[in-house]
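Here's a quick look at a protein with a ligand, written for someone who likes contacts and cavities. Have the viewer open while you read.

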Amino acid sequence: MNLSDQIKRTKRPYLISGPCSAETEEQVHRVCADIAQLTDTSLLRAGIWKPRTRPDSFEGIGEKGLQWYVEAGKKAGLPTSTEVANSKHVELALKAGIDVLWVGARTTVNPFAVQEIVDALRGTQTPVMIKNPVNPDLSLWLGAFERFQKAGLTDLTAIHRGFSIYKHPKYRNVPSWEIPISFKQNLPEIPMICDPSHITGKRDLLAEVSQKAMDLNFDGLIIETHPTPDQAWSDAEQQITPERLKELMSNLVLREKIITGSLTEELDDFRQKIAVLDDRIFEILSARMKLSEEVGIFKQKNNITILQEEHWKTVIESRLAKADEYFLTQIFVKNLMDNIHQESIRHQVKVMNPDLKKP
Ligand code: PEP
Ligand code: MN
């Protein structure tokens, strides 16, 4: 099969589903059959070897699961995909008849491991999906694609699964949507699938993140599905039943990517108004920085340092307290004020040290 072509030809969203891990023969057969019967899944997923953060977690059923899975896929009439992390996994998965391989987030971070997989696949036309690395590094993700492409492996698809962060209040892995968007600008021909299961880590957030991915023109979704999610041996909190997957998919709102006819003019109307407001924002910022320079001159005359920490703390606090009133999020207000502060410092440095030589 040619996966990337198939994704591009399929009506959005191309759906990949299946359990986090293959656990027992019965579980694999049951979930694959239910998925085929209830949902519009085009490709199955199941982990055979699981890269787990802690060694006491379930690390995958291993080789014997491959046979169950390939047979269950055949019975269900659906192609199969699994994660590979080294050349041995590649060899065993291909021998067993797995159709598509994916490179996990913990492998994409390591160019040695990626290269080992590339070398094991050289000369084949195996479809490969590459997850983003655990850390928010676009180059590392693009670099993995370049390694495959250089070896003549061209049937490639990207999976956005979010980025690791210590104790985020909402997400298991923060989505940082700007990274997959930049990826698409760099490699527009590569289909982009969103993995709401690993982004959220919680089944209640799957619909929200899936909808966002659709509104950002993602080509498809990969969602973990299990016959009895609460009893799953890995990632129990984020898995859903095939029934619930069906419901989630039918509630998605699919909007048009291309704007046509009179809609273009109506949208242009809004955009022109926005452009006028953006101009005003810039004029105000520019005036604000002129005032910062006057403050800089005052501080220089009176021999006062630029950074006045206590004052800045009260400025930020007073703005954050008003965020709700202006319908702005706390994080936006914080980032905006930090950026304004940085720029203000640059302007003050310039006027206070006019003779400072540029390096
Ligand atoms: C998985 O898909 O089951 C998995 C381990 O994901 P990730 O590589 O995104 O952590
Ligand atoms: Mn998982």
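What follows covers the domains, then the ligand and its contacts, then the cavity.

Keep in mind that this is a predicted model. The protein chain splits into two parts: domain 1 runs over 3-250, and domain 2 takes in 262-352.

Now for the ligand. There are 13 residues around ligand 1, and those that come nearest are Arg 45, Lys 50, Arg 106, Lys 131 and Arg 161. Sort that shell by residue type and you get eight charged, three nonpolar and two polar residues.

| Residue | Part of the residue | Distance to an oxygen atom of ligand 1 |
|---|---|---|
| Lys 50 | N or O atom in the side chain | 2.7 Å |
| Ala 105 | polar backbone atom | 2.9 Å |
| His 198 | polar side-chain atom | 3.4 Å |

How much of ligand 1 does the protein bury? Taken alone, the ligand exposes 300 Å², and 100% of that is buried by the protein.

Searching the whole structure for cavities of 30 Å³ or more turns up one. The largest cavity holds about 120 Å³ of space. Its lining is made up of 13 residues, with Arg 52, Glu 83, Arg 106, Lys 131 and His 198 closest to the centre. By type, the lining of the largest cavity has eight charged residues, along with three nonpolar and two polar ones.

So what takes up the space of the largest cavity? That would be ligand 1.

Key:
Residues numbered from 1 in each chain as written. Chains lettered and ligands numbered in written order. Predicted model: local features only at pLDDT ≥ 70, side-chain atom pairs only at ≥ 80, totals over all residues. Heavy atoms only, no water. Domains from an automatic or database assignment. Near = heavy atom within 4 Å. Polar contact = N/O pair within 3.5 Å; in protein donor to acceptor, adjacent residues only side chain to side chain. Areas by Shrake-Rupley, 256 points an atom, 1.4 Å probe, with all protein chains shown as cover. 1 Å grid on protein atoms, 1.4 Å probe; cavity = no way out; pocket = protein on both sides within 12 Å on 5 of 7 lines; lining within 4 Å. Sits in = over half its atoms within 2 Å of the grid points. Nonpolar A, V, L, I, M, F, W, Y, C, P; charged D, E, K, R; others polar. Points joined across faces, edges and corners; volume = space filled by probe spheres on them.
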